[in-house]
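Please read it alongside the sequence and structure shown here.

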Amino acid sequence: MTDLWQDAMDHAVSAARGAGQVVREALLEDRMVMVKSSSVDLVTQTDQKVEQLIIQSVKEKFPTHRFIGEESVAAGEPCVLSDEPTWIIDPIDGTTNFVHRFPFVAVSIGFSVNKQRAEPAGRASGPGQQRAGPAGPGQQLSRASGPSQRAGPAAEPLLAFLQVEFGVVYSCLEDKMFTARRGRGSFCNGDPLQVSEQKAIQQSIIATEFGSDRDPEVVDKIFSSLRNILCIPVHGIRSAGTAAINMCLVASGCVEAYYEIGMHVWDLAAASLIVSEAGGVLMDVEGGPFDLMSRRVIAANNRTIAERISGEIQAYAPARDDAAAPGADP
Ligand SMILES: Nc1ncnc2c1ncn2[C@@H]1O[C@H](CO)[C@@H](O)[C@H]1OP(=O)(O)O
Ligand SMILES: [Mg+2]
Ligand SMILES: [Mg+2]
């Protein structure tokens, strides 16, 4: 397979590193905090500046590429995944952390291409090998097997088309660069990642977040899900304050699973590939296929744990990220 997108991925890594430097410097300064959808959905000038820096640098190198950026969408740009090469950017994942200097803040850059085209089956080589197979438009599935089971025809039904071609999450205060390329494994600062081998949810740590929706009905559902999962019982519940880092913790094997309803495609795009390339599973919170635009995810080390979590979640459906897109389902 020709390595079409390596230049773009190299650019994403260096853009994320540069953005992380800007974020670290901004942490030392006073931050002016603004609000978006609610009084707890925060944004700073650094979010906007970093997103523009990344987009400008990509435009110079890849002038025809498209973008979905958190702050651009907030400013009215469309949130559309098409067949065109698309950079999906969260300039600061963990803005609330950034504002409070809680030390988990990430720059997330995902890259998708050929959204609806299932590629012909063909085995990639090297670590993290997997086959592409058909899935419905806008869906992203993952194998349920770990790296040791990746090769061989028996694993094939578990593999599915992934629409994200590469993902980069830079945890900039930890100086950890998480990267994944479809079919080639996940890495942190160049070291390969593998999800936890734990099969028992009772011996697992589960990550989740409380989001920015303070509607009491939604909060009740969040707490009901949390109570169900805590009382399985599990070893513990954790929140890093950033969806991307929570998912990288799944990929690293530090937590067995992360679930949440309400985050957005820019929180998930890059990290979803990092999880799946580390041998993990992505699933909708009701057990169906993961859909990048649905604002719902379970990312887990294996299917058993993902399905158990899905059985405990009080699901609800926030407005999809592509709800305003032409032709999208209402
Ligand atoms: N008050 C809040 N608490 C936690 N996450 C929030 C939040 N407001 C927005 N989010 C966003 O929701 C995601 C999942 O919880 C986070 O990664 C975060 O992304 P952000 O920092 O890029 O906005
Ligand atoms: Mg985010
Ligand atoms: Mg953000």
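## Domains and their contact

In the predicted model, the domain assignment of the protein chain, whose bounds come from an automatic or database domain assignment, gives domain 1 (6-115 + 162-191) and domain 2 (194-312). The C-alpha centres of domain 1 and domain 2 lie 21 Å apart. To the contact, in which two residues count if their C-beta atoms, placed from the backbone, lie within 7 Å, domain 1 gives 38 residues and domain 2 gives 26 residues.

On the side of domain 1 that touches domain 2, two or more residues each come from strand 3 (66-69), strand 4 (86-93), helix 4 (95-100), strand 5, strand 7, strand 8 and strand 9 (186-188); helices (H or I, at least four residues) and strands (E, at least two) are DSSP runs, numbered from the N terminus. Strand 7 supplies the largest share of that side, six residues.

Residues are numbered from 1 along each chain as its sequence is written, and chains are lettered from A and ligands numbered from 1 in the order in which they are written. Because the model is predicted, local features need pLDDT of at least 70 and side-chain atom pairs count only at pLDDT 80 or more, whereas totals for chains, interfaces and linings use all residues.

An open sheet of seven strands, with mixed pairing, has the order 3-4-5-7-8-9-10; two strands pair if DSSP finds at least two bridges between them. Strand 3 and strand 10 (191-192) are the edge strands, each pairing on one side only. Strand 4 and strand 5 are antiparallel, with six bridges, and I88 stands opposite G110 in strand 5.

## Strand 7 and its neighbours

Eight of the eight residues of strand 7 (residues 164-171) are buried, so this strand is largely enclosed by the rest of the structure; a residue is buried if 20 or more other C-beta atoms, placed from the backbone, lie within 10 Å of its own. Strand 5 (residues 106-112) runs antiparallel to strand 7 and is joined to it by seven bridges, with V164 as the bridge partner of S112.

Strand 7 also pairs with strand 8 (residues 176-181), in the antiparallel sense over six bridges, and here K176 is the bridge partner of S171. Their hairpin has four residues between the strands, and D175 takes a positive phi near 55°.

Conventions. A residue is buried if 20 or more other C-beta atoms lie within 10 Å of its own, exposed if 12 or fewer, and partly exposed in between; C-beta atoms are placed from the backbone.
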